[in-house]
Structures are given as structure tokens and as C-alpha cells.
Amino acid sequence: MELTLTTPALLFPTVSLVLLAYTNRFLAVAGLIRKLAAQYRDDHDKRIVDQIKSLRIRVHLIRNMQMFSIFALFLSVLCMFSLFYGEVLIAKFIFSGSLISLLISLGMSLREIYLSTHALAIQLKDMDEAVNS
């Protein structure tokens, strides 16, 4: 496989869009945590504490997703420097690391989406029980 300067540059728009999506998820979860914390101060409902615990896990996942994406971008830039200086073999290893970092980030994203949909299913189940009572 031939590795040129444009190959690692292809990751720039991808990682930028992924980071934007992760930031939006983080902001949504942070807003939900603030809302639930205010509700807990009023109600002291144990279910809210459980939801906040789940959201804490999601916040940590999102933070790690962002870190691995940024690391992928960092390695892409480092790869471009290696190619610029003619170190093709080193650049191939660095680019491989960049792709692996992006894969880890996307895997964490899948986990976070699973947790999110699981939390929604629990919320809907509570609502179904309230409606059917």
C-alpha cells in the first residue's frame, strides 16, 4: 500500500464530524444530569439517583470517545510529518495507530448508544406501568 500525505489527511473531516457528534451527545447528557440533579434536590427519588449513575458512566464514555478521536487526529498529523520527512515505514505504523484509535472511539460510541437506548427502554417501561395502573 502506498501512503501519501493525502491519506492521513482523509481522517480530518471524519474525525471532525465524529468529535462534533460526541460533543453534542456530551452536551445533551450534561443537560439531562443538571435537570435530574435539580429534580433530586426536590424529590429525593432513588430512581433519579440510578439514572444519574448511568449518565455518569455515559459521560465517562463520551470523554474517552473524544480523547481517542483527538488522539487519532494527533497521530494523523504525526503521520503526515513522518511522510514529509520521508519516513514511510514509521508513517505506516503511526497511521495504523491512528486508525486503531478511531476504531476504539467508535466502539465506545456503540457502547454509549447501547446504554442510551437501554435507559430509554427503562424510562418507557416506567411510563407503561404508570399508564396501565
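**A walk through the helices**

Let's start at Ala 119, whose place is in helix α4. Helices here are DSSP runs of H or I with at least four residues, while strands are runs of E with at least two, and both are numbered from the N terminus. Helix α4 covers residues 88-132. Before going on, a word on the ground rules: this is a predicted model, where local features need pLDDT of at least 70 and side-chain atom pairs count only at pLDDT 80 or more, while totals for chains, interfaces and linings use all residues. Residues are numbered from 1 along each chain as its sequence is written, and side-chain values use heavy atoms, with hydrogens and water left out.

Back to Ala 119: with a relative accessible area of 30%, this residue is partly exposed. That label sits between buried (under 20% relative accessible area) and exposed (over 50%), using a 1.4 Å probe and protein chains only. Ala 119 lies 59 residues from His 60 in sequence, and their C-alpha atoms are 16 Å apart in space. Tyr 114 is also found in α4, and at 47% relative accessible area Tyr 114 is partly exposed as well.

Elsewhere in α4 we reach Ser 101, which counts as buried because its relative accessibility is 2%. What does Ser 101 touch, once residues up to four places away in sequence are set aside? The answer is Phe 68, Phe 71 and Ala 72, where a contact means heavy atoms within 4.5 Å. Lys 53 is another matter: the C-alpha atoms of Ser 101 and Lys 53 are 27 Å apart, at a chain separation of 48 residues.

Phe 71 brings us to the rings. Rings of Phe, Tyr and Trp (its six-membered ring) pair if their centres lie within 6.5 Å; planes under 30 degrees apart make a pair stacked, over 60 edge-to-face, and the rest tilted. By this rule there are two aromatic pairs. In one, Phe 71 and Phe 74 have ring centres 6.4 Å apart and planes at 15°, so they are stacked. These two are three residues apart in helix α3, which means about one helical turn separates them. Phe 71 itself is partly exposed, at 40% relative accessible area. The other pair is Phe 84 with Tyr 85: centres 5.3 Å apart and planes at 80°, so this one is edge-to-face. Both of these residues are exposed.

Ser 82 also belongs to helix α3, but is buried, at 11% relative accessible area. Skipping neighbours within four places in sequence, Ser 82 contacts Glu 87, Ile 90, Ala 91 and Ile 94.

Now for helix packing. Two packed helices are described by the angle between their axes and the distance between those axes. The axes are lines fitted to C-alpha atoms, for helices over the stretch in contact, and angles run from 0 to 180 degrees between N-to-C directions. How do α2 (residues 11-43) and α3 (residues 46-84) pack? Their angle is about 160°, with the axes 9 Å apart. By class, the α2 contact with α3 has 24 nonpolar, six polar and three charged residues. Here Ala, Val, Leu, Ile, Met, Phe, Trp, Tyr, Cys and Pro are nonpolar, Asp, Glu, Lys and Arg charged, and the others, Gly among them, polar.
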